[in-house]
Structure formats: structure tokens, C-alpha cells
Amino acid sequence: MIGELDRLDGRARRWRFALGCVAAAVVVPPWGPAAAALAAMTAAAAGAGGLYVATHVHYRLHTDGWTWAGTLILLLLLVGYVLGGGVLLRRPGVAGPGLVGALLVTAAWLAVGGFTFEEWLKPIPHHPWLIVLTPVLVGAGATLWGGGAAVGRRAARLATVTAALAVYLYGVLAVAVVGATGHDPSDGWTTAQIVADDLGNQAVFYLVALPLVTSTIGWAAATATARLRFGSSMPAPAYLAVRTAGPGPAADPAPVTTQPQSRPAREAGGGTPGAIPAAPARRSRAWFLLLLSAALAAAAFLVLFTMLSPHA
């Protein structure tokens with residue numbers, strides 16, 4: 001992109017080219033099995049948005065300027081999550097651990113909020129420690145599977161984005177079904193006020209607060225795991241190396257762009273001298289199977305543990 005940009009004259013043409021590159025990087029969908037995951041994320045976002053509008057109309061909630069502003073912010077969040085998820089799904093080695101981590105994060109958030117609609121809308125969480133433990137497992141596991149912190153950080157973000165869309169859809173469905181049932185009528189709140197408050201809480205908690213906490217903890221866990229396991233938090237970035245054309249200081253420097261080798265090249269024995277080779281492909285598959293089995297077992301355990309726990 002930078003090389004082509006230097007050949008364009010005029011500010012308008014350069015801006016059009018830059019915006020076109022950004023649109024291609026963000027909007028172009030992934031291919032293969034990752035396309036099905038993006039379709040599911042899009043369906044969850046569209047379903048949540050449509051259910052929000054249907055709930056607003058069904059309960060005849062108050063509409064003013066702030067309502068339209070909040071709806072616009074919600075729409076931007078949902079579209080941003082889908083676009084961000086599409087970008088992350090196209091990254092190599094991220095879709096597998098990210099989607100497995102999304103399963104684990106979704107199960108953990110459901111365990112914290114409660115698996116039934118009535119429990120979900122109560123303000124008291126059941127097992128809040130899961131909010132911290134789950135992203136640590138996702139970030140650390142994805143880092144070990146991918147062989148670097150970059151994969152772990154991206155997988156943690158993909159897991160957060162996917163879980164946020166799924167859990168927000170579940171929360172809006174709970175509000176639409178339950179309505180004002182179970183609330184104390186002595187507090188003076190009307191049904192419309194209760195439903196509006198619950199709808200706002202779903203967006204604030206599961207599209208803003210919890211995703212920020214989860215992605216931050218997962219990012220930190222991935223970085224720490226890479227430091228402890230591989231001795232570096234991220235691979236060497238691309239940079240410009242200066243190579244002289246001859247001996248002596250008077251030689252003209254010739255910039256040479258060097259790129260980090262891909263993971264398959266490093267596994268095949270390539271790489272710069274002194275670099276530590278990555279784990280073999282079979283070890284990566286073993287880590288993936290281990291992570292998948294652990295996520296499924298943990299999700300089943302969380303469901304069973306939450307259902308058997310006594311609730312007030």
C-alpha cells in the first residue's frame with residue numbers, strides 16, 4: 001500500500017486509495033470455514049438489533065432524542081463487532097482457538113449471570129471469579145497453541161467479540177420474554193421503565209464493560225504466557241535494515257526491507273541465525289485438541305455447577 005501510495009498525485013486520489021485499502025481490509029469477508037462463523041456473528045448481531053426494536057415497540061417504551069442516540073450507538077457497536085470479528089477471522093491461526101475460547105467465555109458469562117431468564121435479570125452475580133479466570137485460560141491456551149503472543153491476543157479478542165454478540169442476544173431475549181415479571185411493584189417503577197432499564201443494562205454490561213475487561217485480561221495473559229514460555233511477547237516486526245554497498249563510511253546505504261518469516265517457514269527450519277524454531281505442526285495440533293477438550297469440559301462443568309448451585 002505504501003509503495004502504491006507514493007505513485008499517486010493529489011490529496012484526493014491518495015485519500016480515496018487509502019480509504020479503499022481500509023475498506024478492503026475491514027469489509028472483505030473471510031473464506032472457508034471461517035465464513036460460517038462470520039455468518040453466525042452477523043445473524044446474532046442482526047437478531048439482537050431486531051429483537052431490541054421489537055421489544056421497544058411491544059412495551060411502548062418512551063422515545064426521544066436520547067433514545068435515537070442510544071440506538072445509533074448500539075447499531076455502531078453491533079456493526080463494529082461484526083467487522084472486527086471478520087478481520088480477526090482472516091488472521092492465520094486465530095479462528096480455531098478464538099472460536100473455542102468464545103465457547104468457554106460464553107459459558108462463563110452465562111454461569112455468572114444465570115442460565116434462566118429470571119436469574120439473568122437479577123443484579124447479583126453467582127460466580128464472578130469466572131470473569132477473571134476464563135480470559136486467562138483463553139489467552140494462555142491460544143498463545144501456547146499458536147506459538148506466540150500475537151495469536152493469543154487476537155484469539156482473546158475474537159473470543160470476546162463472539163461471546164459478546166451471543167450473550168447480548170440472550171440478554172435481550174430474556175428482557176423481551178420476562179418484561180417486568182419478578183420486580184417489586186412497591187418501588188414505583190412502571191413496566192416500560194423496568195424494561196427500558198434492563199435493555200440499557202444488557203448493552204452496557206455485555207457490549208461494553210465485560211468485553212473490555214475480558215479482552216484486557218486475555219491480552220495480558222497472552223503476553224505473560226509468551227514471556228514465560230518463549231522468552232518474547234511477540235515475533236520480530238518488519239523493519240528497514242541499512243546495508244552498505246562497500247567498506248568504509250562513504251558507501252551509499254541501501255535500505256532493504258526485511259520481513260519476519262511465516263510460521264511454516266520457521267517450522268521447516270528456516271529463520272534468522274540464532275532464532276529459536278517454533279513448535280512442530282503436530283505439537284500445535286495437540287495443543288489445539290487439548291484446548292478444545294478443556295473448553296468443552298469446562299463449559300459442561302460450568303453449566304452443571306450453576307444449575308446445581310442453590311439460588312436465593
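Over the ring of which residue does the charged end of arginine 153 sit?

**View 1. Arginine 153 and the ring of tryptophan 219.** In this predicted model, the charged end of arginine 153 is placed over the ring of tryptophan 219. The distance from that charged end to the ring centre is 4.8 Å.

**View 2. An aromatic cluster that includes phenylalanine 205 and tyrosine 206.** One aromatic cluster is formed by Phe117, Trp120, Tyr170, Phe205 and Tyr206. The count of aromatic pairs in the model comes to 4. Phenylalanine 205 and tyrosine 206 make an edge-to-face pair, with 6.3 Å from centre to centre and 85° between the planes. Phenylalanine 205 has a relative accessibility of 42% and therefore counts as partly exposed. Tyrosine 206 counts as buried because its relative accessibility is 9%.

**View 3. A nonpolar patch on the surface, with leucine 76 as one of its members.** The patch consists of Leu72, Leu75, Leu76, Val79 and Leu83, which together have about 440 Å² of accessible area. Leucine 76 lies in helix α4, which spans residues 65-89. With a relative accessibility of 57%, leucine 76 counts as exposed, the cut-off for this class being over 50%.

**View 4. Tyrosine 59 and its contacts beyond neighbours in sequence.** Tyrosine 59 belongs to the loop between α3 (33-58) and α4. Its C-alpha atom is separated by 8.8 Å from that of alanine 176, although the two residues are 117 residues apart along the chain. When neighbours within four places in sequence are left aside, tyrosine 59 is in contact with Val175, Ala176, Val177, Val178 and Gly179, and also with Thr191, Ala192 and Val195.

Terms used. Residues numbered from 1 in each chain as written. Predicted model: local features only at pLDDT ≥ 70, side-chain atom pairs only at ≥ 80, totals over all residues. Heavy atoms only, no water. Phe/Tyr/Trp six-rings, centres within 6.5 Å; stacked < 30°, edge-to-face > 60°. Buried < 20%, exposed > 50% of the residue type's maximum accessible area, 1.4 Å probe, protein only. Lys NZ or Arg CZ within 6 Å of the ring centre and 35° of its normal. Patch = residues over 30% accessible without salt bridge, like charges linked within 9 Å, V, L, I, M, F, W, Y side chains within 5 Å. Areas by Shrake-Rupley, 256 points an atom, 1.4 Å probe, with all protein chains shown as cover. Salt bridge = Lys/Arg side-chain N within 4 Å of Asp/Glu carboxyl O. Helix = DSSP H or I, 4+ residues; strand = E, 2+ residues; numbered from the N terminus. Contact = heavy atoms within 4.5 Å.
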